[in-house]
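Please read it with the structure open.

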Amino acid sequence: MPPKADRSWAPLTAEQLEQRRIIGINAETVSHTAANDIPGHYGPAQDDSWNLERFSENLKVNFHANQSYNAAFSLVGVDASIANAFRRVLIAEVPTLAIEDVFIFSNTSLIQDEVFAHRMGLVPLTGGEEGLRWMRWFRKPPPADDYAAQAAWEEEGYDESESVPSDYNTVVMSLQVECRWATQELDGRDGKALAKAGSNDPEERYVNSNVYARDLVFEPQGQQEQFFSGENRIRPTNPDILIAKLRPGQKIDIRCHCVKGIGADHAKFSPVATASYRLLPSIEIKEPILGNDAKKFRRCFPRGVIELEEDPTTGQTKAVVKDTMKDTVSRECLRHEEFKNKVKLGRYRDHFIFSVESTGQFKSDDLFLDSVKLLKAKAERFKRHLDALEEGR
Amino acid sequence: MSQNGDHEMTDAAAGAEIDAPVKVEKQRLRLLPGSSDTAASFAFEKEDHTLGNALRYMIMKNPDVEFCGYSIPHPSEAVLHLRIQTWDGVSASEVLRKGLEDLTDLCDVVVDKFTASRDEFNASHPEGVQAS
């Protein structure tokens with residue numbers, strides 16, 4: 001809310017509308033943090049009620065980078081509650097495929113079965129996008145000894161066929177690796193001889209001493225052949241993830257069932273490594289900062305935020321704001337006496353600089369679109385529930 | 001990434017059905033006791049701050065609303081309570097319906113703008129990054 005003197009019963013001027021977007025940042029405090037675009041906040045003449053046309057006019061999306069798995073863009077003109085909903089949906093509710101069940105036929109490595117199975121679950125997978133979207137949910141029944149979970153399960157009344165692994169809800173991958181000494185016939189080097197000669201390198205002495213994610217073999221089932229073949233096969237995003245270490249005679253023989261899930265259930269299902277936003281900083285120079293002060297002022301910010309300019313009339317160097325996007329809002333300039341009352345720091349409350357980094361299953365920009373669509377689906381679902389509630393069903 | 005983008009929060013429900021038979025959805029919205037026409041509390045099952053805060057904002061944008069707030073009464077129960085009080089005898093359920101509809105419209109606008117901006121950026125930046 002602006003200071004009392006600025007309050008009136010007239011609608012806000014363009015300048016006031018711009019001013020109310022800014023959150024104040026002072027040396028030790030922040031101010032004007034709460035949303036102020038609620039009807040009634042400024043008296044009856046200021047129309048802050050929801051208006052789709054106005055929203056559509058004010059909403060801006062600007063991309064800063066759009067690589068497959070790393071997108072950065074500005075979303076301008078939405079409230080924090082909306083931007084935060086998109087972010088939360090991205091992290092916890094966009095479904096992805098991950099290893100859920102690990103069937104261990106043999107594991108004589110040093111790593112324990114349960115630790116190993118957990119490790120497998122965390123390996124990010126990728127594959128044909130069309131196929132991944134075609135896949136349905138697999139509904140895992142609760143453990144036989146968890147009576148509470150079983151009661152909740154029965155109450156929900158799920159379709160039993162969803163709990164049977166099939167080609168449209170389960171992807172099978174296997175991993176069979178056995179470590180042995182390198183031999184002249186098979187590997188072109190004699191591991192034991194090398195060891196006697198003093199080699200300490202397991203890569204030289206043994207074969208399969210390291211188990212990597214690339215050793216996972218996709219086993220297509222039924223219709224999966226048509227979605228996940230060649231380039232589109234299901235595979236780890238990064239083939240070089242070290243899963244386990246072996247020594248001669250040790251072996252791992254497992255089969256994994258991968259299913260679709262969401263990040264709220266387990267972080268391994270989260271489609272993003274990071275999905276975050278920050279508010280665009282604002283720097284307002286209220287009185288000219290000149291000469292050596294200007295140089296010092298520039299050093300208070302990351303490179304590129306403040307530039308020096310020659311004042312055409314006086315010939316003095318002057319500090320000007322160049323690119324606030326690069327600022328980290330360190331508040332360093334507020335610590336120096338010479339800049340007192342000359343600069344005002346802030347952030348725009350409705351300018352969200354999103355950064356979405358995908359784990360590699362889906363493209364970052366598609367993930368954001370999915371998150372918006374999921375929020376919409378939520379709203380529509382509850383519209384149906386509200387209809388049912390009013391009809392008394 | 002289901003067909004209709006519709007699923008539950010913790011243990012995902014109705015997802016990628018394409019030719020699956022249409023199931024009756026479990027009712028997840030309740031009216032809490034003590035509610036009247038103009039001052040009502042709704043309980044949303046299996047919802048959290050994601051929908052709660054976004055919906056609270058959309059409803060507060062409605063000038064007919066005197067008060068709107070949400071809470072999650074207990075952290076280990078996936079239930080969201082939403083309180084709506086209105087001015088001048090306006091129905092709280094209608095206000096909730098308008099809030100949900102406004103949120104739907106907002107999402108459509110964001111999708112359109114985002115897609116347009118992305119396509120424009122991709123056309124002018126084949127490398128995917130800005131030259132700086």
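About 6,600 Å² of area is buried between chain B and chain A, and carbon and sulfur atoms give 62% of that area. The model is a predicted one. On the chain B side 72 residues are in contact, and they meet 70 residues of chain A.

**Interface between chain B and chain A**

- The rule finds 8 salt bridges across the interface of chain B and chain A.
- One salt bridge joins B:D48 to A:R88, with the closest N and O atoms 3.1 Å apart.
- Polar contacts between chain B and chain A come to 19 residue pairs, counting pairs with both residues at pLDDT 80 or more.
- On chain B, the elements that give two or more residues to the side touching chain A are β1 (29–31), β2 (39–45), α1 (49–60) and α2 (92–124).
- The most residues on that side come from α2(B), which gives 24.
- Sorted by class, the side of chain B that touches chain A holds 29 nonpolar, 25 charged and 18 polar residues.

**Chain B as a unit**

- Chain B has 2 helices and 4 strands, and from the N terminus on these elements run β-β-α-β-β-α.
- Of the 132 residues of chain B, 48% count as buried.
- Taking contacts in chain B between residues at least 6 apart in sequence, 45% join residues at least 24 apart.

**Nonpolar cores**

- The largest nonpolar core has 91 residues, and the residues with the most contacts inside it are A:F86, A:M120, A:F368, B:F44 and B:L96.
- Helix α2(B) supplies the largest share of this core, 12 residues.
- Another core, of 15 residues, lies apart from the largest one, and its members include A:I283, A:A294, A:F297 and A:F301.

- Neighbours within four places in sequence aside, A:F86 is in contact with A:L75, A:F368, A:S371, A:V372 and A:L375 of chain A, and with B:L106, B:C107 and B:V110 of chain B.
- A:F368 lies in helix α12 (residues 364–391) of chain A.
- With the cut-off for buried at under 20% relative accessible area, A:F368 counts as buried because its value is 0%.
- A:F368 and A:A275 are 93 residues apart in sequence, and their C-alpha atoms are 9.3 Å apart in space.

**Salt bridges**

- Over all chains, the rule counts 31 salt bridges.
- A:K140 and A:D101 form a salt bridge through their side chains, at 3.1 Å from N to O.
- That pair links distant parts of the chain, 39 residues apart: A:K140 is in the loop between α5 (129–134) and α6 (147–156) of chain A, and A:D101 is in strand β5 (residues 96–107) of chain A.
- The two partners fall into separate accessibility classes: A:D101 is buried, with a relative accessible area of 18%, whereas A:K140 counts as partly exposed at 40%.
- A:D187 and A:R180 also meet in a salt bridge, at 3.0 Å from N to O.
- In this pair A:D187 is partly exposed at 25% relative accessibility, and A:R180 is partly exposed at 32%.
- Within chain B, a salt bridge joins B:E45 and B:K26, the closest N and O atoms being 3.8 Å apart.
- The B:E45 and B:K26 pair links distant parts of the chain, with B:E45 in strand β2 of chain B and B:K26 in the segment before β1, 19 residues apart.
- B:K26 is partly exposed, with a relative accessible area of 30%.
- A network of salt bridges links A:E93, A:K378, B:R28 and B:E47.

Technical notes. Residues numbered from 1 in each chain as written. Chains lettered and ligands numbered in written order. Heavy atoms only, no water. Contact = heavy atoms within 4.5 Å. Buried area = accessible area lost by both parts, 1.4 Å probe. Salt bridge = Lys/Arg side-chain N within 4 Å of Asp/Glu carboxyl O. Polar contact = N/O pair within 3.5 Å; in protein donor to acceptor, adjacent residues only side chain to side chain. Nonpolar A, V, L, I, M, F, W, Y, C, P; charged D, E, K, R; others polar. Core = buried A, V, L, I, M, F, W, Y, C linked by side-chain atoms within 4.5 Å. Buried < 20%, exposed > 50% of the residue type's maximum accessible area, 1.4 Å probe, protein only.
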